[in-house]
Amino acid sequence: MVVVGLFITLFGLTCLAASQSKNARVLFSEPPSPARRRALIAAGSALLAASAGTGVAQYGVGVGLVMFCAWLTLAGWAVVLLISWRRQ
């Protein structure tokens with residue numbers, strides 16, 4: 001379940017990063033349209049909420065939220081490295 005929560009968080013943060021025009025140009029070579037931007041923000045927010053729910057459902061409130069913070073940290077680093085590697 002740890003890997004599932006981590007991948008959900010990774011996809012959520014990737015959607016939120018892709019909703020920003022600067023990061024979208026790096027990932028997709030063009031800025032997102034307003035409709036696509038709203039869809040990416042909604043999908044990213046829903047995935048992050050699902051990740052937090054996964055952690056709470058699996059480990060309880062106390063440990064689940066700590067796991068969610070750990071997943072956010074690891075996924076955040078992965079997204080940053082993906083975007084900075086992609087620029088070259």
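The model is predicted, so local features need pLDDT of at least 70 and side-chain atom pairs count only at pLDDT 80 or more, while totals for chains, interfaces and linings use all residues. Residues are numbered from 1 along each chain as its sequence is written, and side-chain values use heavy atoms, with hydrogens and water left out.

The protein has four helices and zero strands, and its elements run α-α-α-α from the N terminus on. Helices here are DSSP runs (H or I, at least four residues), as are strands (E, at least two), with numbering from the N terminus. The C-alpha trace spans about 40 × 30 × 15 Å along its principal axes. Of the 88 residues, 32% count as buried; buried means under 20% relative accessible area, exposed over 50%, and partly exposed in between, with a 1.4 Å probe and protein chains only. Among contacts (heavy atoms within 4.5 Å) with a separation of 6 or more, 66% come from residues 24 or more positions apart.

Two of the helices can be compared with their expected spans, which are 1.5 Å times one less than the number of residues. Helix α1 has 17 residues and reaches 24 Å from its first C-alpha to its last, close to the 24 Å expected. For α3, with 26 residues, the reach is 38 Å, close to the expected 38 Å. Helix α3 is followed by Gly60, whose phi is positive, near 90°.

The packing of these helices comes next. Two packed helices are described by the angle between their axes and the distance between the axes. Helix α1 (residues 2-18) and helix α3 (residues 34-59) pack at an angle of about 160°, and their axes are 7 Å apart. That angle makes α1 roughly antiparallel to α3. Axes are lines fitted to C-alpha atoms, for helices over the stretch in contact, and angles run from 0 to 180 degrees between N-to-C directions. Angles under 35 degrees count as roughly parallel, over 145 as roughly antiparallel, 65 to 115 as roughly perpendicular and the rest as oblique. The crossing of α1 past α3 is left-handed, a term used if the near helix is turned anticlockwise from the far one by less than a right angle, with clockwise giving right-handed. From α1, the residues making the contact include Gly5, Ile8, Thr9, Gly12 and Leu13, and from α3 they include Leu40, Gly44, Leu47, Leu48, Ala50, Ser51 and Thr54. The contact residues divide into 14 nonpolar, seven polar and no charged. In this scheme Ala, Val, Leu, Ile, Met, Phe, Trp, Tyr, Cys and Pro count as nonpolar, Asp, Glu, Lys and Arg as charged, and the others, Gly among them, as polar.

Burial can be followed along both partners. The buried residues of α1 are Gly5, Ile8, Thr9, Gly12, Leu13, Cys15, Ala17 and Ala18, and those of α3 are Leu40, Gly44, Leu48, Ser51, Ala52, Thr54 and Gly55. Ser51 lies in α3 and has a relative accessible area of 0%. Leaving aside neighbours within four places in sequence, Ser51 is in contact with Gly5, Ile8, Thr9, Phe68 and Trp71. Ile8, in α1, counts as buried at 19% relative accessibility. With neighbours within four places again left aside, Ile8 is in contact with Leu47, Ala50, Ser51 and Thr54. Ile8 and Ala49 are 41 residues apart in sequence, and their C-alpha atoms are 9.4 Å apart in space.

Phe28 lies in helix α2 and is partly exposed, with a relative accessible area of 38%. Beyond four places in sequence, Phe28 is in contact with Ala18 and Arg36. The C-alpha atoms of Phe28 and Ala49, 21 residues apart along the chain, are separated by 25 Å. Most residues other than glycine have a negative phi. Ser29, by contrast, has a positive phi, near 70°. Ser29 sits in the loop between α2 (21-28) and α3 and is exposed, with a relative accessible area of 65%. In helix α4 (residues 61-87), Leu65 is partly exposed at 41% relative accessible area. Not counting residues up to four places away in sequence, Leu65 touches Val56 and Gly60. Leu65 and Gly53 are twelve residues apart in sequence and 8.8 Å apart in space, C-alpha to C-alpha.
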